[in-house]
2 protein chains.
Amino acid sequence: MNKTAAIIGGGVIGGGWAARFLLNGWDVRVFDPDPEAERKIGEVLDNARRSLPGLGNVALPAEGTLSFHDTVAEAVKGAEWVQESVPERLDLKQKVYAELQAHVASDAVIGSSTSGFKPSELQDGRDVPGQIVVTHPFNPVYLLPLIELVTTPANPAGVVDRAKEIISSLGMYPLHVKKEIDAHIADRFLEAVWREALWLVKDGIATTEEIDEAIRMGFGIRWAQMGLFETYRVAGGEAGMKHFMAQFGPALKWPWTKLMDVPEFTDELVDLIAGQSDAQSGHLSIRELERARDDNLVGMMRALGANNWGAGALQNAHDKAREGEAGLASTIEEVADLSQPILTQTRVVPLDWTDYNGHMTESRYLDAFAQSTDRLMLIIGCTPEYIASGGSYFTAETHIRHIDEVHAGHPIQVKTRVIMGAGKKMHVWHEMFEGDRLLATGEHMLLHVDLETRRSAPPAPHIEANLVKIAEAHAGLPAPEGLGRAIGAPR
Amino acid sequence: MNKTAAIIGGGVIGGGWAARFLLNGWDVRVFDPDPEAERKIGEVLDNARRSLPGLGNVALPAEGTLSFHDTVAEAVKGAEWVQESVPERLDLKQKVYAELQAHVASDAVIGSSTSGFKPSELQDGRDVPGQIVVTHPFNPVYLLPLIELVTTPANPAGVVDRAKEIISSLGMYPLHVKKEIDAHIADRFLEAVWREALWLVKDGIATTEEIDEAIRMGFGIRWAQMGLFETYRVAGGEAGMKHFMAQFGPALKWPWTKLMDVPEFTDELVDLIAGQSDAQSGHLSIRELERARDDNLVGMMRALGANNWGAGALQNAHDKAREGEAGLASTIEEVADLSQPILTQTRVVPLDWTDYNGHMTESRYLDAFAQSTDRLMLIIGCTPEYIASGGSYFTAETHIRHIDEVHAGHPIQVKTRVIMGAGKKMHVWHEMFEGDRLLATGEHMLLHVDLETRRSAPPAPHIEANLVKIAEAHAGLPAPEGLGRAIGAPR
């Protein structure tokens, strides 16, 4: 039988919680007096269903059942977890707790999404203070893993453990904040940056867009993978965290921010931080940390590139500007010698194309060949505009032979022959090289399709004409070794 | 002929600049009195060569020539760009500028890597102040694109334009800061967060590790793609930026950080920010921004997962914990019915596996099949421990047939048959389904290899025995349709 969560207060945050529980197989019972609550939660769920189940590599359990209820009493029936996400007014929250504690099981955990209130403020005056904790999430709740779990001495160890266990079972990260403080931890940073940003905008130093670029083109990407201290540990290099702090320490006296209420930079504080940093990251050398950082940065920037966004969009533009100089044609006229295989790719094996040993992984050979097919399509006139007008080529069949290995950081090139191009069919042959060394071959049969009907259909006449022209020019080349080969066939 | 850059001051920052120029085809001339400079720059270059050339999808130009010089005069010879990265002491920097301006071409750009000094402080007292600008980079300089280009009215428009053009040609992002200020823009945020973090550690609220988790499991990933204001615009939802600010405004009066020197939250400031935010992001609806954000978050978290790092490592652990319940075996004993095709994958198509239309892209079919092969290897005992001991299977040949389409967010399963497993060979057949709908087949021939010699070699006896056992159990199944098919062969 499914477990049950009660969501008190919908909206973006409550809806995000509902999605986390539902998509992890819990039944979810919602109370929200807003007549729009069902629609609003439905919108969050649409986004969540689109993104969360594919975040991992293993299917989530079958979705639980979502229901809406008219009273808190009914919503919390049978709930093992109650998540409160009502507006940030302490009197309102305390009223809600009084009501729900009259009906909820005494062993249920009640988590509050509050950003600002301390758990002791929520527990104050309650019958069972020990079951109330702060579980502060981050938007979008259905994707971001962080939950600040803030507790007080009134919370029995069993409640804290169960809270951690349930949060973890939802694929989230319970960060246990043992000493309560206004705004917990993360929002203190957000608030500090927000205050500084308000000054910058107010003083006319930067616009909101410039500030966002200053973040996402630089330290934002660093922080996505190492946070603040581990990043600085790496920056400090072999000289270590103490050395880094000695360099940065004096800035505390300088007007490097308008927020000047700074702690004193004592030896004691330096030792405390250096010691904690050793405990956190000391199992990895600076060189190992640097390489992990670079692997992460490359992987994330390339992920952004796939969405043509932020730092990834910048890189795409840089690539585009380099194509001609790198010898890549974009039209049939730009192909220097049609009688020879066409250069359809020239690149260096990226870090995210390789396994932990630095060898290019199997599926990236097809990634490379598919990109070469895309380039050939561009050359014959199957451009983004043409595709937007409703026609494209789909791959029906692929045959890859892995002939030799290649490593991250090594240059590869793909040369492409058209074996046959007539009517709806396009039969291509890719060869991947590092220098003169043949690494792999890719043989592909594509069909031109009508993107409306999703069925095969003839291409536009100019595209077929270009394809035929290349096929005829390539017909003079000797047949490639391995063409038409089946798996298991003798060589 | 290559262009020439002079690097004054090596180290991590100067070395990063040297790498950016070199790997983008510039000759680089270094002056650094440190006898260790060559070694230190060499280490940065090793990291840069490993990561930067594969960041994009198009090869960079041939690397330029790196040389080391004993005097500033010699280093700046023929330089179009001079990058100064000496220690952060104004007197030292001014001395360096005086010396290099005696030798550098008057139309060269001199960029300073300073984090703290304003360009007017560097220009003060110089013969040609107009060629000096701040070009403040972020570590690792060879990967992070942000350059804060800070100028003064003393800089002619031509110098500013040339600086932007050259920075862009290196694949970097010149953020032009027109109004100089201590610490420019990004470091003001870093400094604010650093100050707040020092308080949290000093007050015993959180350790360095807890602070890093609070960043990288939450807002750090958000900031890597949208920064501060666009993120909040999305959080505000359809009600808009003004609504968001009305909600957040009161927090400025609350002790949500120890940094209390806050600007007054006037209507004027709210209007200024809302207007700038509209100009920045108003071309996209909130729903479009939400989906772009989610695409980016999923892509980046999955990129981190590939490195088993941060939020991605958390997701991997969640996947691992779910395997059994999802019906995935990890040993031959766990396979429920050996006589049937083995379930080797059950997942939902991730957002980063699809094209802009939401269809699963070609190469991800092989990605899925390769992961199913990995699972089969695990089942027969080719475990990470076995692989670490020196043996593994490499794919020699692959044949994929694309039969039907599938979309992001849809569940897929892969079932696997062993066609033949004996000696060094493993011949497998994967079928990918959405429910009962066959999406694709993958036929693969693998060879067991000795990872030392990289040549084929027999597997350990228990592995061969398991493989034979499965092949024999599967021999009773009818031959799959399409087995042994070659491309272009009639059906």
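Me: Helices (H or I, at least four residues) and strands (E, at least two) are DSSP runs, numbered from the N terminus. Where is A:H184 found, then?
Reply: A:H184 is found in the loop between β8 and α7 of chain A. This is a predicted model, in which local features need pLDDT of at least 70 and side-chain atom pairs count only at pLDDT 80 or more, while totals for chains, interfaces and linings use all residues. Residues are numbered from 1 along each chain as its sequence is written, and chains are lettered from A and ligands numbered from 1 in the order in which they are written.

Me: What is phi of A:H184 near?
Reply: Phi of A:H184 is near 55 degrees, which is positive although the residue is not glycine. Most residues other than glycine have a negative phi, and most peptide bonds are trans.

Me: Are A:A183 and A:H184 buried or exposed?
Reply: A:A183 counts as buried because 22 C-beta neighbours lie inside 10 Å. A:H184 is buried as well, with 25 other C-beta atoms within 10 Å. A residue is buried if 20 or more other C-beta atoms lie within 10 Å of its own, exposed if 12 or fewer, and partly exposed in between, with C-beta atoms placed from the backbone.

Me: And how much of chain A counts as buried?
Reply: Of its 491 residues, 53% count as buried.

Me: Which peptide bond in chain A is cis?
Reply: The bond from A:N139 to A:P140 is cis, with omega near -5 degrees. A:P140 sits in the loop between β6 (132-136) and β7 (146-150) of chain A. In chain B, the bond from B:N139 to B:P140 is cis, with omega near -5 degrees, and B:P140 is placed in the loop between β6 (132-136) and β7 (146-150) of that chain.

Me: Zooming out, how is chain A divided?
Reply: Chain A has domain 1 (4-177), domain 2 (186-291) and domain 3 (323-474), with bounds from an automatic or database domain assignment. The C-alpha centres of domain 1 and domain 2 of chain A lie 32 Å apart. Chain A contains 16 helices and 14 strands.

Me: What radius of gyration does chain A have?
Reply: Chain A has 29 Å, whereas a compact globule of 491 residues would have a value near 23 Å. The radius is taken over C-alpha atoms, and the globule rule is 2.2 Å times the number of residues to the power 0.38. Along the principal axes, the C-alpha atoms of chain A fill a box of roughly 90 × 60 × 50 Å.

Me: On to the sheet: what is the strand order in chain A?
Reply: The order is β3-β2-β1-β4-β5-β6-β7-β8, an open sheet of 8 strands with mixed pairing. Its edge strands are β3 (66-69) and β8 (173-177) of chain A, each pairing on one side only. Two strands pair if DSSP finds at least two bridges between them.

Me: Which strands of chain A does β1(A) join?
Reply: β1 (residues 4-8) runs parallel to β4 (residues 81-84) of chain A, joined by 4 bridges, and A:A6 stands opposite A:V82 in β4(A). β1(A) is also joined by 5 bridges to β2 (residues 27-31) of chain A, again parallel, where A:A5 stands opposite A:V28.

Me: Why is β1(A) said to be largely enclosed?
Reply: Because 5 of the 5 residues of β1(A) are buried, the rest of the structure largely encloses this strand. A:T4, A:A6 and A:I8 point one way, while A:A5 and A:I7 point the other way. In a regular strand the side chains alternate between the two faces of the sheet.

Me: Last topic: where does α8(A) bend?
Reply: α8(A) bends by about 55 degrees at A:F219, the bend being the angle between axes fitted to the seven residues ending there and the seven starting there. The helix spans residues 208-226 of chain A, and 18 of its 19 residues are buried. Just after α8(A), A:G227 takes a positive phi of about 70 degrees.

Terms used
Expected span 1.5 Å × (residues − 1).
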